[in-house]
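Good morning. I will go through one model today, chain by chain, and then turn to its cavities. Please have the sequence and the structure open.

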Amino acid sequence: MGTSVQVTPLSGVYGESPLCYLLAVDGFRFLLDCGWSDLCDPSQLEPLAKVAPTIDAVLLSHPDMMHLGALPYAMKHLGLSAPVYATEPVFRLGLLTMYDHFLSRWQVSDFDLFTLDDVDSAFQNVVRLKYSQNHLLRDKGEGIVIAPHVAGHLLGGTVWKITKDGEDVIYAVDFNHRKETHLNGTVLTSFVRPAVLITDAYNALNNQGYKRKQDQNFVDALLKVLASGGSVLLPVDTAGRVLELLLILDEYWGQRNLKYPIHFLTNVSTSTIDFVKSFLEWMNDSISKEFEQNRDNPFLLKNVSLIINKEELEKLGDAPKVVLASMASLEVGFSHDIFVEMANDTKNLVLFTEKGQFGTLARMLQVDPPPKAVKVTVSKRIPLVGDELKAYEEEQERIKKEESLKASLIKEEELKASHGLNAKASDPMAIDGSSSRKSSNAGSHFGANVDILIDGFVPPSTSVAPMFPFFENTAEWDDFGEVINPDDYMMKQEEMDYSMMHGSGDGLDGKIDEGSARLLLDSTPSKVVSNEMTVQVRCSLAYMDFEGRSDGRSVKSVIAHVAPLKLVLVHGSAEATEHLKMHCAKNSDLHVYAPQVEETIDVTSDLCAYKVQLSEKLMSNIISKKLGEHEIAWLDAEVGKEDEKLILLPPSSPPPPINFKQFLENKGWQVEFAGGALRCGEYITVRKIGDSIQKGGAGSQQLVIEGPLCEDYYKIRELLYSQFYLL
Amino acid sequence: MASVAAALRSVGKRAAPGGDREDGDRMVITPLGAGNEVGRSCVHMSYRGRAVLFDCGVHPGYSGVAALPYFDEIDPAAVDVLLVTHFHLDHAAALPYFLEKTAFKGRVFMTHATKAIYQLLLLDYVRVSKASVDDMLFDEQDIHRSMDRIETVDFHQAVEVNGIRFWCYAAGHVLGAAMFAVDIAGARVLYTGDYSREEDRHLPAAETPPFSPDVCVIESTYGIQQHQPRDVRERRFTEIVSSTVSQGGRVLIPAYALGRAQELLLILDEYWSNHPELHKIPIHYASALAKRCMAVYQTHMSSMNENIRNKFGCSSNPFNFKHVESLNSIDSFHDVGPSVVMASPGGLQSGLSRQLFDRWCEDGKNACVIPGYVVAGTLAKTIINEPREVTLANGLTAPLNMQVHYISFSAHADFPQTSAFLGEIRPPNIVLVHGEANEMARLKQRLVSQFDGTNTNVVSPKNCQSVEMFFRSEKVAKAVGSLAEKVPNVGDSVSGLLLTTKGFTYQVMDPDELRVYTRAQLSSANITQRISVPYSGSFEVVRYRLNQMYESVEESAVQESDVPALVVHQRVTVSRDSETSVTLQWSSDPISDMVSDSVVAVILNISRKGPKGVRAEEAARTKEETERMAHKVVHALMVSLFGDVKAGQEGELVISVDGDVAHLDGKSGDVECENAALKERIETAFRRIQGAVRPIPLSAS
């Protein structure tokens, strides 16, 4: 039987909530993306929380919040512990996106859903793959092969192909078939007839204009504002679509020799561009070709300045400028702050290049007509002073005490255990939820840190000999004195050589920009002060689609081309999903599914299959004929023991029409379509009757070749036959 | 898909292949270069009608056509894929020639970094050799054109071309160096190219493929030698350099412009950083080429190892050297006081390194450090043996006083690495290439003893000497669709379409379901043919003639309007559509086509003879009349055979021969006769006459 496949959306269906789906292939549970909106609302993740511990592998497709935002939180709090698979750019840029997001949040709130350490540890589990790399899963997933393929949209963006027993499940969301300035179009169309295709309906109702014209409009809009003395704010993501915008702007500025400054402002902008510079092989062919031939790296960005804090921007004053700042949703981050400053001036322009996430400030501003005023919260992190500082310090002191108390209790527990006591010792403290969580921490400290029992503690009655924990440090002696370990005294040559290289430890910490590091390392106690205010929106607002997703028409034709046996639609407004569903259901013979959140659908293919071995004897008798890319033969055989055995009688049956017209033309015939028939030469017609939209199943066609008796007739017939395998 | 190597044999012996071995199962591996030599790496592999060429280099010791691999041995047009492992001249420099000057039509693949450097390196090669060589193999234009045909492949990325699946692993050695694994119909070949399993400052160690290839084509440059540990070599190197310069000497490091040079610069730059007292002594790096390639090194950080990537992550690019200056030509070099100069070429054949060598070789304070493998026939190889005198570039001889040190930083595998590598991947067949004959022979011997008893074949073919291997690959087909609704039992018969894709996967299915299950969207169709034959005579004549000709001619069951129609053998419908033509219609298959062709012939025949050849009453003859006619013919023929034949009652024939009388039943053919011999003769005669008189039964229908 075929491979069993089930899909359960955990979020991101019938709407624009973040993407997160559960795919089970023969019981192996993949989590497809792990997104979170910029609002970071843990309640969004409830469906994920239920299944997180059972996940066997996570596949990430794009380096932005909507596709991987919840990963650190899920790893930390929801018990997600599976290995994560992603391409190198998705890993790097995703990491930077999360850093940026955390820093933006942390500066304006007591953000505690995850920390930078959580981000680091979540991304440490990532297995990095190359495009088209077939990765074999092991153990539980034995026999499953996963491979990332080019998706377009974002750098490193991935269409995942999951193969088991020759059946493909393809997960392709947010793909872009168009070639862009920095990215290749998706290779999705090269997959033909997969068992299941999971794709999104996000853009099913949108259609785009020509890219060149769109780019021109975009630049024109900017220049108009700049020329009239205004500034432009482009709220962007950290390391995704912004790369495309930067390239367009940098190139245009270079060509026109424009002097208006362009600033790219995120917490991690310099690192982002540094890494992007070394990802040329992931970009489009003309960029890698340009580099191979002339060693030009477009991401040197001669006309863009990379800045990582707002002070630098403020130094520049009010001169007209273009600022690309994160985050695209305007919820928090630099874009939020700059918006508040710029909104009041009619000369300015805030240009959205992507549709705002649902429920965010950006979305509010994108409605038509735009609101006259919006309420925003302006927050700032300031150092503590005076009483507050004192209170904070006292609090810290208290916490520290509690910690040490707990630690000692746990140590006590462990001591008891090490003394072979009954583990069920009735210790009221053991019930304390926190102590069990802490035990792992304390365990590692144990032994190094010898702080001891505290007074006022009653030893449990069950303990045999409550004793001060004393460990004798026994040194071994032999005839020559104390036995030493020579290794302790060795000069570590290697280590010295590598000291420079290993300097950065595991390397992850090192990658945050210095400015941001300063923010973090700055351990002065601080607090967040916020005040609500209303901002008059006087500046002009505009939206241009630079999302880099295939539009509705292309999505439809891509689906028709790929022609999956089963299609699962996710992510997209209810109307868009319904529209695409209706469209696909009427156009072809495929089965279309559009599940609701937490609705499990079974898309196991009804394909029956078994494997047989072809005996050498059989194969040597087979006369196969080349047919396009395939070779085809009629097979008659008898089933033998264990391996297929026995005779083969040749012939009986025929196959497929290729583009016969073109073929004839190549052979030098006058061919034209007239009245539904193909006229070849003067007399002969070839027509196709029966269902021209070939249905699956009994897909036999009727071809009629008609004409008077003449030489041409037989020539045409011969050519027609040559296109078929006559059996 | 395990495949078993059945035999391994050199073509030289040319033993007749076993009877059951198909040609398609034979894999042939032929080194066109690098067989028992170092240089012009080029290995040809063919299996199942597909051909792969690994590497395409020139021999640095020769020039012109002599430096090329033996391309004459193969048909370039038949090569599907050419895989280039790294950018060194002995692995890539024949590529423009092969692409532009031969019939090669296939596709070329290399890694991104290799391609970027390949162009620079070859342009430089052309520029340098132009000066000394008359018959250039190719020019700059050929190189630029070749760039358009080269496709890039990333490490681990699987590519399929015409049924050949391949992917590559990091090989160490130089930036972008790869070892290629090729899979054709389940038979896997690993071609290591040059590789090193030792991680150095910027390159990762070669990966070990997680599978056991059926054949491993492996380099044997260092044979059974063993490298010193890397830190020992590095220390020796830095000590020689620092002691020489501190005594006022100059250090010449002749190195290949790319590859090891970058590694040595990383070492020197770090050493200088740690020793402030050396800061005043310049390190020159005399290669415009390497300077140009630096951008590639600075960009392709992802092909390097973790150490350098981490370093990149936390500080500036490590390839921005702080203490190294580049030097454009010897004229801009102020040769005053101690200095360290790294110059190409590595073999001291010509160029800047040779000029400096000539200038410095007489001074005993100076030192020359040869940091890598040197090819036989070059000056560098000569001076390793420390001769008293050397011949300068201008032909004069001079005493060799400068100290010559040979410290190998060459990133080729030594014996322990080779042996461990092969021990881990356990290939049943090992083909040694890229090594001098002696080294190779020793390595072969050691490997044979190492893998003794494990059924491992080790061969070291010479150039153009083919190695043949036979694989009996197990072919497993997948039955799908309605055919596979239940798993058949032993003895059941299976029939369906067998579809073989380019990638050698097999599927068995019902022809009707072809479209559902094929990836290529094949489908099945019937071809109906309708042909009109000019004929203006009476349709009755046609009917008559057809009745004469064919066993089964019936009135068409489906009458379209009132057009008379006949169905011949239930296949071909003959109808009278218009006054001037007869239309034939049938659906194509070989038998129907044959029947229809004969019908056409019959009709044409009628037209030719004209309608007058047929009598009306004959056309209207009944079956009985046919019988009577047949009887008459039988009678006449019997008379001619036996003479005295009388017609008896009810079609009985009475035959008298030499007094013996036989009665022959004209219908059933029963013969009553006392003479057995005569009876037999008559029976045979009757059978044959019947066969001639009656229409031929169409057994296939």
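Let me begin with a record. An unreviewed UniProt entry annotates residues 17-222 of chain A as "domain: Metallo-beta-lactamase". UniProt positions are given here in the numbering used for this model, feature names are shortened, and annotations may be inferred rather than shown by experiment. In the model, that span is 29% helix and 24% strand, and its end C-alpha atoms lie 31 Å apart. Helices (H or I, at least four residues) and strands (E, at least two) are DSSP runs, numbered from the N terminus.

Now the ground rules. This is a predicted model, in which local features need pLDDT of at least 70, side-chain atom pairs count only at pLDDT 80 or more, and totals for chains, interfaces and linings use all residues. Residues are numbered from 1 along each chain as its sequence is written, chains are lettered from A and ligands numbered from 1 in the order in which they are written, and side-chain values use heavy atoms, with hydrogens and water left out.

Back to the record. The unreviewed UniProt entry also carries the annotation "domain: Beta-Casp", which covers residues 242-365 of chain A. Those residues are 44% helix and 14% strand, with 20 Å between the end C-alpha atoms.

Of its 727 residues, 52% are buried, where buried means under 20% relative accessible area, exposed over 50%, and partly exposed in between (1.4 Å probe, protein chains only). A contact means heavy atoms within 4.5 Å. Among contacts in chain A with a separation of 6 or more, 73% are between residues 24 or more positions apart.

Two places in the backbone of chain A deserve a stop. As background, most residues other than glycine have a negative phi, and most peptide bonds are trans. The peptide bond from A:S326 to A:M327 is cis, with omega near 5°. A:M327 sits in the loop between β15 (322-326) and α11 (333-342). The other place is A:C40, which is not a glycine but has a positive phi of about 50°. A:C40 belongs to the loop between β3 (28-32) and α1 (46-51) of chain A. Is A:C40 buried or exposed? A:C40 counts as buried, because its relative accessibility is 6%.

Next, chain B. Chain B has 18 helices and 35 strands, and buried residues make up 56% of its 701 residues. For contacts in chain B between residues at least 6 apart in sequence, 67% join residues at least 24 apart.

Chain B is divided into domain 1 (25-225 + 412-471), domain 2 (230-406), domain 3 (477-517), domain 4 (528-607) and domain 5 (643-693). Domain bounds come from an automatic or database domain assignment. How far apart do the C-alpha centres of domain 2 and domain 4 of chain B lie? The answer is 91 Å.

Chain B also has a residue with a positive phi that is not glycine: B:A185, near 50°. B:A185 is in the loop between β10 (178-184) and β11 (187-191), and B:A185 counts as buried because its relative accessibility is 12%.

One more residue in chain B is B:S339, in strand β16 (residues 339-343). With 3% relative accessibility, B:S339 counts as buried. Leaving aside residues up to four places away in sequence, B:S339 touches several residues, including B:V245, B:H284, B:F333 and B:W360. From B:S339 to B:E439 is 100 residues in sequence and 36 Å in space, C-alpha to C-alpha.

Last, the cavities. The structure holds 13 cavities of 30 Å³ or more. On a 1 Å grid over the protein atoms alone, a cavity is a set of points where a 1.4 Å probe fits but cannot get out, and lining residues have an atom within 4 Å of a point. Grid points are joined across faces, edges and corners, and a volume is the space filled by probe spheres set on the points.

The largest cavity has about 420 Å³ of space. It is lined by 29 residues, and the closest to its centre are A:D64, A:M66, A:A328, A:E354 and A:Q357. Helix α4(A) gives the most to this lining, with 3 residues. Where does the largest cavity lie? It lies between domain 1 (5-207 + 545-602) and domain 2 (211-372 + 537-543) of chain A, because both give residues to its lining.

The second largest cavity has about 140 Å³ of space. Among its 13 lining residues, A:R178, A:E180, A:K211, A:Q214 and A:G548 are the closest to its centre.

Definitions and conventions: 1 Å grid on protein atoms, 1.4 Å probe; cavity = no way out; pocket = protein on both sides within 12 Å on 5 of 7 lines; lining within 4 Å.
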